[in-house]
Amino acid sequence: MKADGPATDALRKEAADLLSRGDVGVVIGYGRQDDADLAAPVFARNAEDADRLVFDDHCLGNLAVYLPRSEIRAMGRAGVVVKGCDLMAVNVLLRENVIKREDVVLIGTHCAGVGEPQLEKCSTCDVHSPEGCDVVVGEPVDQPKVDEEQRYKAAAEIDAMSVEERWDFWRSQFDKCIRCYACRQVCPLCYCKRCIVEKNIPQWVATSAHLRGSIAWNVVRAFHLTGRCVGCGECERVCPVGIPLGAINQKMSRHVGDSYGFHSGLSADQEAPFTVWSPDDSDEGIL
Amino acid sequence: MSEEKPKKDGQDKWEPRIIAFLCNWCSYAGADLAGMSRFGYPAPIRVIKVPCSGRVDPLFVLRSFEQGADMVLVSGCHPGDCHYTSGNYHARRKLLAFRELLTFLGIDPRRFKISWVSAAEGGKWSSLVAEVTEEARALGPYKEFPRSVSEGVSDEG
């Protein structure tokens, strides 16, 4: 997909219309500087700004992360460019009443996959065409059938190890963690105003970049996203030390899928697995 | 807290530290009944009373391991008996998912127990503690879990 393709033209026109009509105070989209590999976020405040918007296969980021932020809300209604995967995160934000549907204008993009080489998540994507957006730009893409096993491949590889091997693996992974919290900052669903790691009376999670605190942090991050994570993979992509966070998210997604038939982000009306319960839930493993 | 103290004669055997989070309404009362009924149970278990098994944040479990627990037990009311109607149902979903996460990360799931013990089950409490204590002894000290921030310059002696 080219930056000067039809998707970009339609996107610019749509954004310019929304901004000039005053329907939105800002359009959050992607822009390209020269030949940068990564499309950076653009916050278009008026119709002229809209010309800076692009959509191509360098648009990796999940822009839903900006929606809960107070500085964005202060701009009024927000238009946001979403790929199918990003839309799933918006659905969770709607479900959790973090944003209201009337406060956002969703500009969906048909997407055949992003990244060079293409991101792993795109090979198991079943939302090439976002549904439920206010407007969708770009050429429709064929939706291939997704192999369920493929979807959880990274988790399955680690699951195949013994407990001791897994411990050695994760110990060496978490030992690399520098506690930059990039995984948290980039996650559209980590929107707490005050994160548990910033609470210090009591201090639940040791703050230094040491294995003890890093285990606690990574466990807490994964657990707070259980039944919520939509698998956009941003946490793993931004991790400067390359911890395979996606595998942990996959594992937990699979658990809530297998146990409670729940797949996060498919709609804004779902009930999350930890907010509901059933007397028929499994008692397996309870003494 | 309970670091190695000078051993008295006949007490030089290693004993595990087991932290048990018991709900106020069922399991704690069950443990109390065990005591009142003179059902003995092994001493390595340290009981912490919580209002409900639903109160147990996974961080309590992690923190216990960090502070030197060799096993953690969470016990609440049987499904259907929760004093707050649904606390234990929420706990069941959360804690089983948490165990799934621990297992995936290589933290031995045998060191994290969940049980239902009612206020009338003094006998069950007694035999449950005997059983898990035996297992904890067999598993041995949980040395793998990093307990000090400056591991290698360990404060564990």
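Guide: A residue is called buried if 20 or more other C-beta atoms lie within 10 Å of its own, exposed if 12 or fewer, and partly exposed in between, with C-beta atoms placed from the backbone. The model is predicted, and local features need pLDDT of at least 70. Residues are numbered from 1 along each chain as its sequence is written, and chains are lettered from A in the order in which they are written.

Visitor: What makes B:T85 exposed?

Guide: For B:T85 the count is 9 other C-beta atoms within 10 Å; the limit is 12 or fewer, and therefore B:T85 is exposed.

Visitor: What is the phi of A:R179, and what is that of B:T85?

Guide: Most residues other than glycine have a negative phi. A:R179, not a glycine, has a positive phi of about 60 degrees, and B:T85, also not a glycine, has a positive phi of about 75 degrees.

Visitor: Where is B:T85 found?

Guide: B:T85 is in the loop between strand 3 (71-76) and helix 3 (87-104) of chain B. Helices (H or I, at least four residues) and strands (E, at least two) are DSSP runs, numbered from the N terminus.

Visitor: Which kind of peptide bond joins A:E116 and A:P117?

Guide: That bond is cis, with omega about 0 degrees, whereas most peptide bonds are trans. A:P117 lies in the loop between strand 5 (104-109) and strand 6 (135-137) of chain A.

Terms used:
This is a predicted model: local features need pLDDT of at least 70, side-chain atom pairs count only at pLDDT 80 or more; totals for chains, interfaces and linings use all residues.
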